[in-house]
Amino acid sequence: MIVGTRGSQLALAQTKQVCADLSKITGESIDVEIIKTKGDKITTSQLYNMDSKGLFTKELDIALLEEEVDFTVHSFKDLPTELDEDLEVVAVPKRESPNEVLISKKDWNDLGPGSRLGTSSLRREAFCNLYNKEFELRPIRGNIETRIQKALESDLDATIMAQAGLKRLNLTKYIKNVFPLDYITPPAGQGALAIITRRDSDKKELISKLNDYISMQEVFAEKKVLEELGVGCQWPIGAIARVKNDEFNIYSILLTKEGEILKEHTEKGSIKNAVELGGRIGRIFEDYV
């Protein structure tokens, strides 16, 4: 089998773990094909100022459709809300932590007005404004190691990142604070991976054995919020679904760039209705975008 992936250290770490898990099941060796995406080539723009649909996935999708690779591995949060009709997410392995974290020499509460925070995320910018941090916000791009270095060794004071990537690369020693999910709510799908095949693939059933049902229901519900709204990273929106005591719970918050809360809402119910509950939040939010 051949797997397609982006070439960043994080993408490769994620893909190698998936390959190791799949090889245990199948006994097959899996070749890794590195594919460069448009998002990898553009390093200067803030993502929300660009047409970001499929920015980190389109070239991988093409390789799949043209049968150059058998499956692809993505960070779930990078997926566009609508997948090509001939492709399918066949597995979401067990989700890593979805939390946001602070990378800085100072604690969050010690970062005062005028502190320079690097972010190219409209959602993170909105949360900083929500808490009246009065930061000097500067765009920041690059891989995880580059952003850590910029936050600790350049003219920046801090940056905010996903905890999952730091865990997967064994870089958790750089985490200063972990934010609660209801304090800085992550983007839909954060911490999860998506394994995609062609709908007609004869490898689909085999690869689907990597799926974790709860993780898949959580992230599909979160993505449904965005799908109903028809928005991506151009809107400051966080969504997080969790299963606690056999109850499915999904919370989402919609803000303005300036940090005003337009609407926040929680739905609870059965995990079997997860996607429906996410869609319900998306329809409630429609009146506010």
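This is a predicted model: local features need pLDDT of at least 70, side-chain atom pairs count only at pLDDT 80 or more; totals for chains, interfaces and linings use all residues.

Visitor: How many salt bridges does the structure hold?

Guide: Side chains of opposite charge can pair when their charged atoms come close. A pair is counted here when a side-chain nitrogen of Lys or Arg is within 4 Å of a carboxyl oxygen of Asp or Glu. On that basis, the number of salt bridges in the structure is 21.

Visitor: Glutamate 125 and lysine 257 meet in a salt bridge; how many residues apart in sequence are the parts that the pair ties together?

Guide: The side chains of glutamate 125 and lysine 257 meet with an N to O distance of 3.9 Å. Glutamate 125 lies in helix 4, whereas lysine 257 lies in the loop between strand 12 and strand 13 (261-269), so the pair ties together parts whose separation in sequence is 132 residues.

Visitor: Is glutamate 125 buried or exposed?

Guide: The cut-off that matters here is 20% relative accessible area, under which a residue is called buried. Lysine 257, its partner in the salt bridge, has a relative accessible area of 37% and is therefore partly exposed. Glutamate 125 has a relative accessible area of 11%, and so it is buried.

Visitor: Which residue forms a salt bridge with arginine 242, and in which helix does that residue lie?

Guide: The closest N and O atoms of arginine 242 and glutamate 218 are 3.4 Å apart, which makes glutamate 218 a salt-bridge partner. Because arginine 242 lies in strand 11 and its partner in a helix, the pair ties together parts that are 24 residues apart in sequence. Arginine 242 is partly exposed at 27% relative accessible area, whereas glutamate 218 is buried at 5%. The partner is thus glutamate 218, and the helix in which it lies is helix 8 (residues 213-229).

Visitor: Which residues are linked with Arg242 in a network of salt bridges?

Guide: The pair of arginine 242 and glutamate 218 forms a salt bridge, and both residues also belong to a network of such bridges. Linked with Arg242 in that network are Arg95, Glu218 and Glu222.

Visitor: What separates glutamate 227 and lysine 224 along helix 8?

Guide: Glutamate 227, which is partly exposed with a relative accessible area of 37%, forms a salt bridge with lysine 224, with the closest N and O atoms 3.2 Å apart. The two residues are 3 residues apart in helix 8, and therefore their separation is about one helical turn.

Visitor: Which residues form the negative surface patch that includes Glu68?

Guide: Glutamate 68 is found in the loop between helix 3 and strand 3 (71-75), and its relative accessible area of 47% makes it partly exposed. Together with Glu68, the residues that form the negative surface patch are Asp31, Glu33 and Glu66.

Visitor: What is the phi of glutamate 134, and what is that of asparagine 245?

Guide: Most residues other than glycine have a negative phi. Glutamate 134 is in the loop between helix 4 (122-130) and strand 7 (136-138) and counts as exposed at 57% relative accessibility, while asparagine 245 is in the loop between strand 11 (237-244) and strand 12 (247-255) and is exposed at 80%. Both residues have a positive phi without being glycine. For glutamate 134 the value is near 55 degrees, and for asparagine 245 it is about 50 degrees.

Visitor: Which residues does glycine 112 touch, not counting residues up to four places away in sequence?

Guide: Glycine 112 lies in the loop between strand 5 (100-104) and strand 6 (116-118), where it counts as partly exposed at 25% relative accessibility. Its C-alpha atom is separated by 6.7 Å from that of lysine 133, a residue 21 residues apart along the chain. With residues up to four places away left aside, glycine 112 touches Lys133 and Phe135.

Visitor: Is threonine 57 buried or exposed?

Guide: Threonine 57 is found in the loop between helix 2 (38-41) and helix 3 (58-65). Its relative accessibility is 1%, and therefore threonine 57 counts as buried.

Definitions and conventions. Residues are numbered from 1 along each chain as its sequence is written. Side-chain values use heavy atoms; hydrogens and water are left out. Helices (H or I, at least four residues) and strands (E, at least two) are DSSP runs, numbered from the N terminus. Buried means under 20% relative accessible area, exposed over 50%, partly exposed in between (1.4 Å probe, protein chains only). Contact means heavy atoms within 4.5 Å. Patches are made of residues with over 30% relative accessible area and no salt bridge: like charges are joined within 9 Å, nonpolar side chains (Val, Leu, Ile, Met, Phe, Trp, Tyr) within 5 Å. Accessible areas come from the Shrake-Rupley method with a 1.4 Å probe; for residues, only the protein chains shown count as cover. Lys and Arg count as positive and Asp and Glu as negative; His and the chain ends are not counted. The place of a charge is taken as NZ of Lys, CZ of Arg, CG of Asp or CD of Glu.
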